[in-house]
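I will write down what I looked up, entry by entry.

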Amino acid sequence: DCDYEIVVIGAGISGIAAAKQLKEAGCNPTVLEARNRIGGRIWTSTVGTNTIDMGASWIHGIGKGAEGLKKWNNKFNPIYQIAKDNNIATVATWQDEDSAEEAFFWWQGGKTTYDISSFTDNFEEYLKNHQSSASQQTTLEQLFTNFPMTDNQVNRNMKNFSFSYLYGSDYAADPDQLSAKYVGTESYFKGAEHIFPSGYVQIPESISTGINIVYQKKVVGIDYSGNKVSITTQSGDTYECDKVIVTVPLGVLKNNVITFTPPLPSDKQSSINGLGAGLMDKLALEFSSVFWDEDMDWLNYISDGDLKWTQTLNIYKYTQKPILLMFNIGKDAQSFAQMTDQQVLDSAMATLRTMYPNAPDYVNYKRSNWGQDEFAYQSYTFIKAGSTDEDPANIASDIDKKVYFAGEHTNFDFIGTVHGAYISGLDAARAISQGWIFKAFASGIISCLMLLSF
Ligand SMILES: Cc1cc2nc3c(=O)[nH]c(=O)nc-3n(C[C@H](O)[C@H](O)[C@H](O)COP(=O)(O)OP(=O)(O)OC[C@H]3O[C@@H](n4cnc5c(N)ncnc54)[C@H](O)[C@@H]3O)c2cc1C
């Protein structure tokens with residue numbers, strides 16, 4: 001049986017996955033969570049009276065098997081498996097990225113007749129042909145320096161748009177930050193993309209039954225200098241344990257919210273510094289009725305010189321509610337993060353009215369601001385130029401079999417996703433339980449040897 005006291009820091013999907021796995025193995029871990037809710041960057045909220053996910057929305061790939069990873073052959077994305085096991089309804093948005101219905105608008109007003117798909121196809125082809133020449137330091141922007149195109153305003157805007165449209169939302173980052181070498185090299189589950197009409201939070205909720213979660217406990221210190229690990233919270237509590245799993249986001253680690261004693265090993269700290277804490281924010285707008293192309297999945301906007309409001313998702317298509325979900329990434333999200341709600345709304349409405357001149361005023365809105373969220377400071381993690389695919393595993397590695405790490409940032413194969421975070425939590429729990437299975441096995445052998453010696 002498990003004879004360890006274990007604390008898990010964070011009740012996001014990785015922390016809950018770890019705690020559940022440990023509970024099944026006979027432990028009784030305590031989860032300390034800074035917020036007053038479960039789910040972390042899975043945040044199901046409302047716009048008006050409608051459910052809307054302001055953190056993760058999609059199960060990325062509900063099919064069986066993950067690209068390049070044998071252990072997932074013939075297995076579903078684990079998040080989809082949880083949804084199935086618990087009868088949680090999901091809805092397909094598109095069967096694969098190429099099958100999404102899209103409209104393209106531009107800064108001159110209305111829809112564009114420009115041949116977008118040729119441009120973006122060339123872009124993807126160019127990456128395929130040039131990626132192998134990228135060094136660890138090369139940014140995606142640098143790799144595209146010599147992308148062949150006639151130099152005019154339309155093409156420059158198309159190039160900006162393509163960066164955002166093809167890679168920006170996958171990695172929540174701009175091309176001058178992204179590592180050209182690693183873009184598109186992680187694994188992914190096959191199949192259709194699904195969302196949760198009644199909210200993604202049902203996933204962490206459904207697997208948290210019986211787990212001891214203590215809310216509003218912001219951890220500020222972890223002392224692992226002695227035999228026991230001592231954890232302190234902002235409110236002054238101390239928790240002693242044998243092992244701790246730290247699942248706070250990369251952004252929280254980067255901001256040194258938790259003081260480690262002794263400090264984290266320097267190679268782990270440099271992996272934390274090197275990876276990118278990507279930013280992507282959402283603005284949900286509810287209208288009294290639909291005024292946009294109701295059959296489209298995406299309304300894409302090619303802006304004049306910057307990337308603002310590149311993508312807008314038509315929620316109406318999946319829920320029959322007149323809601324648009326507008327996205328911003330990277331530097332744009334960072335500058336919006338500093339603005340008031342009214343400034344953000346004015347900018348969004350001005351863009352929508354460039355697309356649809358007769359767009360009426362919204363009736364309700366909800367805005368995320370993950371960059372200013374002290375329990376995240378980011379949306380999801382990307383491989384930044386200069387860092388490598390080994391940095392996530394380097395962060396995940398345990399310190400002295402006492403301090404373990406999990407979270408989306410610790411899993412290169414599925415970095416930045418809910419399933420990646422979930423799997424990292426299972427991995428951390430297994431690393432601990434393998435320890436005590438080995439201990440039990442070793443003490444069994446010693447008992448046998450002692451018996452034999454009599
Ligand atoms: C806007 C947005 C859209 C996204 N879209 C998708 C998507 O469509 N599909 C997808 O697969 N993924 C998506 N993601 C990414 C996905 O949400 C994350 O990868 C995943 O939820 C991360 O889980 P986690 O357990 O690693 O971290 P978190 O969910 O952040 O959990 C960490 C927990 O630690 C807590 N915490 C932080 N600091 C402390 C502290 N000091 N003390 C105690 N507790 C603390 C936090 O409150 C949080 O609950 C999106 C994310 C965002 C923000």
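**Entry: helix α11.** I started with helix α11, where V344, L345, S347, A348, M349, T351, L352 and M355 are buried. Buried means under 20% relative accessible area, exposed means over 50%, and partly exposed lies in between, with a 1.4 Å probe and protein chains only. Helices here are DSSP runs of H or I with at least four residues, strands are runs of E with at least two, and both are numbered from the N terminus. I then looked up what covers the buried residues of α11. The cover includes the strands β7 (102-106), β16 (280-286), β17 (298-302), β19 (323-329) and β20 (364-367), as well as α10. Contact here means heavy atoms within 4.5 Å. I also checked the length: α11 has 15 residues and reaches 21 Å from its first C-alpha to its last, close to the 21 Å expected at 1.5 Å a residue. The expected span is 1.5 Å times one less than the number of residues.

**Entry: ground rules.** I noted that this is a predicted model, in which local features need pLDDT of at least 70 and side-chain atom pairs count only at pLDDT 80 or more, while totals for chains, interfaces and linings use all residues. Residues are numbered from 1 along each chain as its sequence is written, and side-chain values use heavy atoms, with hydrogens and water left out.

Entry: I looked up Q338 next. Q338 sits in the loop between α10 (330-337) and α11 (341-355). Is Q338 buried or exposed? Q338 counts as exposed, at 62% relative accessibility. From Q338 I went to Q372, which is 34 residues away in sequence and 8.6 Å away in space, C-alpha to C-alpha.

**Entry: α3 against α5.** I turned to a pair of helices. Two packed helices are described by the angle between their axes and the distance between the axes. The axes of α3 (residues 116-130) and α5 (residues 153-171) come within 10 Å and cross at roughly 65°. The axes are lines fitted to C-alpha atoms, for helices over the stretch in contact, and angles run from 0 to 180 degrees between N-to-C directions. α3 and α5 are therefore roughly perpendicular to each other. For that word the range is 65 to 115 degrees; under 35 counts as roughly parallel, over 145 as roughly antiparallel and the rest as oblique.

Which residues meet there? From α3 I listed I116, F119, T120, F123, E124 and L127. From α5 I listed N155, M158, K159, F161, S162, F163, Y165, L166 and Y167. By class, this contact of α3 with α5 has 10 nonpolar, 3 polar and 2 charged residues. Ala, Val, Leu, Ile, Met, Phe, Trp, Tyr, Cys and Pro count as nonpolar, Asp, Glu, Lys and Arg as charged, and the others, Gly among them, as polar.

Entry: I moved to α1 (residues 13-24). Its 12 residues should span 16 Å at 1.5 Å a residue, and its end C-alpha atoms are 16 Å apart, which agrees. In α1, the buried residues are I13, S14, G15, I16, A17, A18, A19 and L22. Just after α1, G26 takes a positive phi of about 100°.

S424 counts as buried, at 4% relative accessibility.

**Entry: L253.** I found L253 in helix α7 (residues 250-254). L253 counts as buried, at 6% relative accessibility. With neighbours within four places left aside, L253 is in contact with V246, V248, F260, I272 and H409. L253 and Y377 are 124 residues apart in sequence, yet 9.5 Å apart in space, C-alpha to C-alpha.

**Entry: backbone notes.** I looked up a cis peptide bond: it joins T261 and P262, with omega about -5°. P262 is in the loop between β14 (259-261) and α8 (266-274).

What is the phi of N74? It is near 70°, a positive value in a residue other than glycine. N74 lies in the loop between β5 (58-59) and α2 (78-85), and N74 is exposed, with a relative accessible area of 61%. K401, also not a glycine, has a positive phi near 55°. K401 is in the loop between α12 (391-396) and β22 (403-405) and counts as exposed at 51% relative accessibility.
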